[in-house]
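Visitor: I would like to learn how to read salt bridges and a ligand site in a model. Where do we begin?

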Amino acid sequence: MRPFTTETLEKTLTEKLMLNFSKTPDEATDQEMMKACALVLRDVMAIRGVETRKKTNREQRKRVHYLSMEFLMGRSLMKNAYNLDVLPQLKEALSNLGFKAGDIFEMEPDAALGNGGLGRLAACYLDSMATLDIPATGYSICYDLGLFKQKIVEGEQVELPDHWKDLGMSWLVPKPEEAQEVRFGGTLREFWDNGRLHTVNENATTVLAVPCDMKIPGFGTDHVNTLRLWEPRATSPMDMSLFSRGEYLKAAEEEAMAESISKVLYPDDSHEEGKSLRLKQQYFFVSATMQSITTKHMAMYGTMKNFHEKNVIQINDTHPALVIPELMRILIDDTGMNWDDAWAITTQSVAYTNHTVLAEALERWPQKLMEQRLPRIWQIIKEISARWQKKVDEYYHDPGKTQYMAIVWDGQVRMANLCLAGSMAVNGVSALHTDILRNDVFRDACQMEPWKFKNVTNGIDHRRWLSEINPGLDSLIRDLAGGDEYLSDAMALQKLDSYAGDKSVLDRLGEIKRQNKEAFALHAKKTRGVILDPNSIFDVQVKRLHEYKRQLLNVLHIIALYQRLQDDPNAITQPHTFLFGAKAAPGYVVAKRIIRLINSLEDQIAHDPICKDKLQVVFLENYRVSLAEVLMPASEVSQQISTAGKEASGTGNMKFMMNGALTVGTLDGANVEMNQVLGEENMFLFGLHADEVQQLKREGYVPQRLYTQNETLRRCVDALRTGFRDGVTYEDLYQRLLFGSGGSAADEYLLLADFASYCQAEQDMAAAYMDRERWNRMSLHNIARSGIFAADRSVKEYADNIWHVSHR
Ligand code: 26Q
């Protein structure tokens with residue numbers, strides 16, 4: 001039910017402004033109006049949230065608890081208005097009150113409580129879980145600083161703090177009455193009582209965890225879920241008695257220590273650092289979450305015996321893996337259960353999603369750190385490890401496998417192995433990725449317990465990533481595919497396929513893209529002062545910067561084009577714009593060098609008159625959710641060019657496809673599924689397959705050979721050494737490709753091996769682009785077949801195959 005008409009919304013907004021800011025609409029700033037909008041929608045969601053909770057309790061439904069160190073939410077105002085079915089009313093009310101809706105939406109900062117794919121996936125799944133009426137709660141940390149803001153200064157990335165809370169707080173409601181106490185450090189004391197051994201953790205430092213709740217409304221339903229973000233507080237507020245005893249500073253220190261836990265989101269998205277503060281963050285949010293869940297369960301059922309029947313704990317990668325020993329601790333220490341019963345309940349409650357096969361991203365913690373900071377948890381992990389080791393040993397009788405599968409080994413705790421032992425389900429995020437887990441990375445565990453291993457191919461919130469951000473395309477789809485049916489059933493997009501021969505539809509699709517490109521060009525001019533040519537191909541690679549994603553391969557190809565233009569200024573007839581957006585982890589030196597290189601190349605090409613109206617490179621500063629929302633609708637080519645076997649799924653690839661961009665890509669991650677639904681003729685595939693990559697590495701890969709043999713390639717790679725007109729040279733990247741550096745092999749990610757094939761794919765793509773009708777037809781097929789990449793489909797698979805919860 002729509003909660004407002006335009007008129008009631010106007011009235012309610014006016015009242016909010018008055019009550020909160022003592023202002024009438026004509027006096028209020030855009031900021032104040034943005035806050036008023038958030039508060040008004042928040043009130044509606046609060047009421048529906050209570051209804052949802054009561055109904056869930058009444059029906060004693062099983063609940064999903066989605067634990068993630070990251071939720072990359074982006075903006076919420078337009079999204080919430082959309083899901084509450086009041087977006088047109090809100091726009092009109094704002095306009096009637098003398099505001100521009102677009103300006104108000106722009107005021108909202110992105111809630112960037114995540115790095116990239118894993119965090120954005122969690123946000124998309126929250127939307128689908130609410131839409132499918134699944135009683136679900138997300139849990140994370142209320143970071144003060146989200147992912148850093150990126151500035152490019154003289155071609156280099158500079159990181160600035162992201163104080164998102166100033167305005168972003170508007171959606172959050174603190175719930176101090178539901179605070180939990182989390183204990184760190186201290187010592188263990190064991191004693192016998194009533195024939196049972198008890199363990200108590202004494203002299204621990206306690207930190208209070210206060211929930212800040214954000215409501216998540218579903219689409220086409222009154223169901224409202226919650227995202228619970230924990231905020232730390234010192235337990236003993238500074239009091240005068242401490243002060244008089246001269247312990248003023250100690251109290252202040254404790255407060256600072258507690259509050260440091262949520263200071264910042266770690267900006268690494270693939271490299272494990274083993275930092276003590278990160279471990280504190282993990283245990284803080286995991287312990288608060290498990291206490292909150294178990295307390296509510298006890299209040300409702302009075303027993304923990306049925307915990308796994310009424311709850312499922314889904315963990316987003318290994319980052320929240322401490323739920324396993326934490327649930328064991330609660331069951332054993334707080335409710336007096338024995339080990340075997342507690343283990344049975346735990347291993348029927350927890351499910352683990354893996355998001356990477358990169359060895360350097362697998363989490364390991366020094367045993368010392370665990371022992372000091374979490375003595376009781378360490379004790380439980382040791383016991384889990386010993387029992388698991390015994391089980392493995394009895395199954396395989398193979399010391400090599402015992403070592404490989406060990407949880408505690410060589411002074412380290414291996415979180416992925418803890419998850420394999422303690423979960424009821426383990427899933428990969430695309431068909432190929434799950435294959436690699438089953439047959440390679442987790443091969444031994446899979447042979448022992450094959451039923452645990454499942455695939456759930458990722459999906460995206462198509463209401464946000466298509467309908468909300470691309471109104472032109474949305475209206476075309478409504479006209480052709482049965483109105484708004486596709487919003488709740490993305491497979492209805494398939495109906496577009498039957499218009500493949502309809503010239504007027506193809507023209508209209510082309511016109512929509514053209515307008516979106518112009519809108520993006522305007523945006524780029526306003527925000528960055530660059531002039532884009534809407535007549536050129538918009539060829540886009542936006543994602544975190546990582547060597548395996550091979551932004552450098554894209555660069556090498558652009559250099560090849562540039563050199564061809566030098567030889568023959570008429571070599572390019574179709575103007576081509578290459579757009580990049582990427583943040584590098586602040587400590588990832590090579591990634592930062594690649595950003596520097598893209599900026600050198602941008603500058604070189606911009607200053608070469610030969611390239612005018614032919615070739616342009618643009619590095620888009622500070623790539624983030626809200627920038628993706630203007631970029632996706634304007635994109636024509638989607639670069640998904642990771643080394644086969646390395647990208648678990650990718651989700652950007654799905655956003656591009658839904659907005660009608662064509663993919664230039666390897667058979668990696670979800671590109672494989674994309675290829676299945678599209679056929680070879682509707683995308684531009686190139687490069688080695690995952691098994692060929694492995695084989696080549698086994699045989700011994702020698703990139704110098706390719707360098708010597710392929711003249712075009714050699715010239716491109718040499719250009720890195722020579723450098724660019726800004727005087728910057730890239731000898732380091734040259735060395736890394738040909739000889740390896742810093743302990744990594746020469747051309748670790750096989751750029752040179754795939755170079756020729758990539759150039760061919762780009763050439764085929766540019767040729768296809770010349771035939772506008774053919775291109776638009778391919779684009780239509782891409783949109784039509786993108787339905788399987790809706791998060792609704794993924795979440796239904798989790799619900800049916802892993803969580804066993806009912807849904808709409
Ligand atoms: C680990 C330890 C210490 C500090 C940071 C981390 C850390 C943080 C974030 C490790 C990994 C991440 C994020 C990983 C990630 O985003 N993976 C991506 O997940 C997507 C959703 O499944 C996939 O589509 C991508 O293929 C995958 O790269």
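Guide: Begin with accessibility. A residue counts as buried under 20% relative accessible area, exposed over 50%, and partly exposed in between. Arg387, at 38%, is therefore partly exposed. Keep in mind that this is a predicted model.

Visitor: Which residue pairs with Arg387 in a salt bridge?

Guide: First the general idea. Side chains of opposite charge can pair when their charged atoms come close. Here the partner is Glu383, with the closest N and O atoms 2.8 Å apart. Glu383 is partly exposed too, at 32% relative accessibility. Both residues sit in helix α15 (residues 375-396), four residues apart, so about one helical turn separates them.

Visitor: How many salt bridges does the whole structure hold?

Guide: A search finds 57. One of them joins Glu178 to Arg228, with the closest N and O atoms 3.1 Å apart. Glu178 lies in the loop between β7 (172-174) and β8 (180-184), and Arg228 in strand β12 (residues 224-234), so this pair ties together parts that are 50 residues apart in sequence.

Visitor: Is Arg228 buried or exposed?

Guide: Arg228 is buried, with a relative accessible area of 3%.

Visitor: Which residue forms a salt bridge with Asp479?

Guide: Arg508 does, and the closest N and O atoms are 2.9 Å apart. This pair links distant parts of the chain: Arg508 is in helix α23 (residues 503-528) and Asp479 in helix α21 (residues 471-480), 29 residues apart. Asp479 is exposed, at 51%. Arg508 is partly exposed, at 32%.

Visitor: Which residues are linked in a network of salt bridges?

Guide: Asp144, Lys165, Glu231, Arg233, Glu259 and Lys263 are linked in this way.

Visitor: Now the ligand. Which residues come nearest?

Guide: Of the 21 residues around the ligand, Leu118, His355, Asn458, Glu647 and Gly650 come nearest. The shell divides into five nonpolar, nine polar and seven charged residues. Helix α6 (residues 117-131) gives the most, with three residues. Domain 1 (60-75 + 110-458 + 796-803) and domain 2 (501-787) each supply at least three.

Visitor: What lies 2.6 Å from an oxygen atom of the ligand?

Guide: An N or O atom in the side chain of Glu647. For Tyr548, the distance from a ligand oxygen to a side-chain N or O atom is 3.3 Å. With Leu118, a polar backbone atom is 2.9 Å from a ligand oxygen. As for cover, the protein takes 95% of the 610 Å² of accessible area that the ligand has on its own.

Note on methods:
Residues numbered from 1 in each chain as written. Predicted model: local features only at pLDDT ≥ 70, side-chain atom pairs only at ≥ 80, totals over all residues. Heavy atoms only, no water. Salt bridge = Lys/Arg side-chain N within 4 Å of Asp/Glu carboxyl O. Helix = DSSP H or I, 4+ residues; strand = E, 2+ residues; numbered from the N terminus. Buried < 20%, exposed > 50% of the residue type's maximum accessible area, 1.4 Å probe, protein only. Near = heavy atom within 4 Å. Polar contact = N/O pair within 3.5 Å; in protein donor to acceptor, adjacent residues only side chain to side chain. Areas by Shrake-Rupley, 256 points an atom, 1.4 Å probe, with all protein chains shown as cover. Nonpolar A, V, L, I, M, F, W, Y, C, P; charged D, E, K, R; others polar. Domains from an automatic or database assignment.
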